Amino acid sequence: MNMDMEALRAFFAGRVIGRRIEYREETGSTNTEALRLALEGTPEGTVVVADAQTEGRGRLDRTWESPPSKNLYLSVVLRPDIPAVTASLVPLMTGVAVADVLSQHCPGRVRLKWPNDVLVGGKKICGMLTEMRTRGDRVQFLIVGIGLNVNMRKPDFPPGLRNTATSLQIETNCELDRLDVAVRLFEALERWYRIFLGGGRDAIREAWLRVADIVGRRVAVVCGDAVQRGTVAGLDASGALLLEGEAGMQQVLAGDVYIERL
Ligand code: BT5
């Protein structure tokens with residue numbers, strides 16, 4: 001055991017992501033737990049990992065299914081010294097990092113869905129929830145939450161999700177070591193976070209668009225009662241989706257994207 005801890009510490013030496021790891025057998029939400037630690041001043045790169053969540057959260061009060069012993073539920077504390085308005089690329093950066101890891105298992109089948117989903121074969125395998133605290137107009141910290149279905153089998157999903165959700169186990173027919181997936185995820189996040197901090201915003205947008213494969217497609221974006229329709233032109237500098245519609249170019253800041261089939 002000590003040997004393992006030493007090896008893990010050596011692995012994370014000099015890195016940001018994973019420099020402190022807090023493991024919980026069960027927690028309400030790793031994002032809530034990470035928020036608590038961030039308010040207490042935990043260093044950047046702290047990760048909260050849980051085996052199970054009892055109140056896993058998506059956007060807009062949606063639930064994230066988080067049964068024990070199956071998947072990865074984790075939240076990373078980031079403290080970039082940047083204006084808050086430039087933080088909107090962080091969710092896209094996270095998606096690109098997750099896609100890097102998943103592409104090792106499912107090459108050519110991983111797609112990013114704006115703003116925060118990762119799909120394999122058209123089904124949702126990962127959801128991300130980024131939350132931010134600001135101080136004045138600057139970022140105080142960000143909590144990047146990632147829920148990744150690793151060893152979930154079809155019957156483990158509630159019936160309503162069985163046709164829309166998937167896992168690495170379902171896609172590859174292999175049971176995977178969650179720790180191994182987590183370590184590769186930390187590595188990918190470290191790589192892309194350095195690119196982000198180094199000003200590589202174009203690289204992030206380009207990588208995101210490549211994996212999303214959505215430019216030129218007709219989509220409907222639903223946000224509450226509002227629906228915006230158009231052809232995807234790309235992402236603007238802040239990571240907002242650009243739609244070419246009848247009224248010209250529109251910027252989409254929030255919503256769920258549906259590809260319209262002709
Ligand atoms: C998300 O929200 O996709 C963000 C999910 C973030 C979860 C992580 S887990 C670690 C951290 N701690 C938290 O409390 N949250 C983060 P959204 O785009 O609103 O999608 C939510 C929808 O995805 C639900 O309404 C379901 O339709 C679907 N869903 C729920 N659980 C799922 C699962 N395990 N796999 C696939 N789809 C799921």
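Colleague: Which side chains meet in a salt bridge at 3.1 Å, N to O?

Modeller: Those of D81 and R138. Keep in mind that this is a predicted model. The pair links distant parts of the chain, 57 residues apart. D81 sits in the loop between β3 and α3, and R138 sits in strand β7.

Colleague: Is D81 buried or exposed?

Modeller: Exposed, because its relative accessibility is 63% and the cut-off is over 50%. R138 is partly exposed, at 34%.

Colleague: How many salt bridges does the structure hold?

Modeller: It holds 23. One of them joins R62 and D256. Their closest N and O atoms are 2.6 Å apart.

Colleague: What does the pair of R62 and D256 tie together?

Modeller: Parts that are 194 residues apart in sequence. R62 lies in the loop between β2 and β3, while D256 lies in strand β12.

Colleague: And how does accessibility look for those two?

Modeller: R62 has a relative accessible area of 37%, so it is partly exposed. D256 counts as buried, at 15%.

Colleague: Which residue forms a salt bridge with E260?

Modeller: R218 does, with the closest N and O atoms 3.9 Å apart. E260 is in the segment after β12 and R218 is in strand β8, so this bridge ties together parts 42 residues apart in sequence. E260 is partly exposed, with a relative accessible area of 24%. R218 is partly exposed too, at 33%.

Colleague: Which residues do salt bridges that share partners join into one network?

Modeller: R20, E22, R24, E33, R36 and E40. As background, side chains of opposite charge can pair when their charged atoms come close.

Colleague: Let's switch to V48. Where does V48 lie?

Modeller: In strand β2, which covers residues 47-53.

Colleague: Is V48 buried or exposed?

Modeller: Buried, because its relative accessible area is 0% and the cut-off is under 20%.

Colleague: What is V48 in contact with, leaving aside its neighbours within four places in sequence?

Modeller: E22, R24, T30, E33, A34, L37, Y73, L74 and S75. E22, R24 and E33 also belong to that salt-bridge network.

Colleague: What separates the C-alpha atoms of V48 and G18?

Modeller: A distance of 9.0 Å. Along the chain, V48 and G18 are 30 residues apart.

Colleague: New topic, sheets. What is the order of the open sheet of five strands?

Modeller: β11-β10-β9-β8-β12, with antiparallel pairing. β11 and β12 stand at the edges. Each has a single partner strand, so one side of each is left without a neighbour in the sheet.

Colleague: By how many degrees are neighbouring strands of this sheet turned against each other?

Modeller: By 45 degrees on average, direction ignored.

Colleague: Over how many bridges do β9 and β10 pair?

Modeller: Over four, in the antiparallel sense. β9 covers residues 226-235 and β10 covers residues 241-245. L241 in β10 is the bridge partner of L235.

Colleague: Now N163. Where is its place?

Modeller: In the loop between β7 and α4. N163 counts as exposed, at 60% relative accessibility. Leaving aside its neighbours within four places in sequence, N163 is in contact with K123 and K154. The C-alpha atoms of N163 and K123 are separated by 7.6 Å, although the two are 40 residues apart along the chain.

Colleague: And Q169, buried or exposed?

Modeller: Buried, with a relative accessible area of 6%. Q169 is in helix α4. Beyond its neighbours within four places in sequence, Q169 is in contact with V150, N151, M152, R153, C174 and E175.

Colleague: Last bit, the whole chain. How many helices and strands are there?

Modeller: Six helices and 12 strands. Of the 262 residues, 48% count as buried.

Colleague: What radius of gyration does the chain have?

Modeller: It has 18 Å. A compact globule with 262 residues would be near 18 Å, so the two agree. The C-alpha atoms fill a box of roughly 65 × 45 × 30 Å along the principal axes.

Colleague: What about contacts and surface?

Modeller: Among contacts between residues at least 6 apart in sequence, 62% join residues at least 24 apart. The chain exposes about 12800 Å², and carbon and sulfur atoms supply 51% of that.

Notes
Residues are numbered from 1 along each chain as its sequence is written. This is a predicted model: local features need pLDDT of at least 70, side-chain atom pairs count only at pLDDT 80 or more; totals for chains, interfaces and linings use all residues. Side-chain values use heavy atoms; hydrogens and water are left out. Helices (H or I, at least four residues) and strands (E, at least two) are DSSP runs, numbered from the N terminus. Buried means under 20% relative accessible area, exposed over 50%, partly exposed in between (1.4 Å probe, protein chains only). Contact means heavy atoms within 4.5 Å. Two strands pair if DSSP finds at least two bridges between them. Axes are lines fitted to C-alpha atoms, for helices over the stretch in contact, and angles run from 0 to 180 degrees between N-to-C directions. The radius of gyration is taken over C-alpha atoms; the globule rule is 2.2 Å times the number of residues to the power 0.38. Accessible areas come from the Shrake-Rupley method with a 1.4 Å probe; for residues, only the protein chains shown count as cover. A salt bridge is a side-chain nitrogen of Lys or Arg within 4 Å of a carboxyl oxygen of Asp or Glu.
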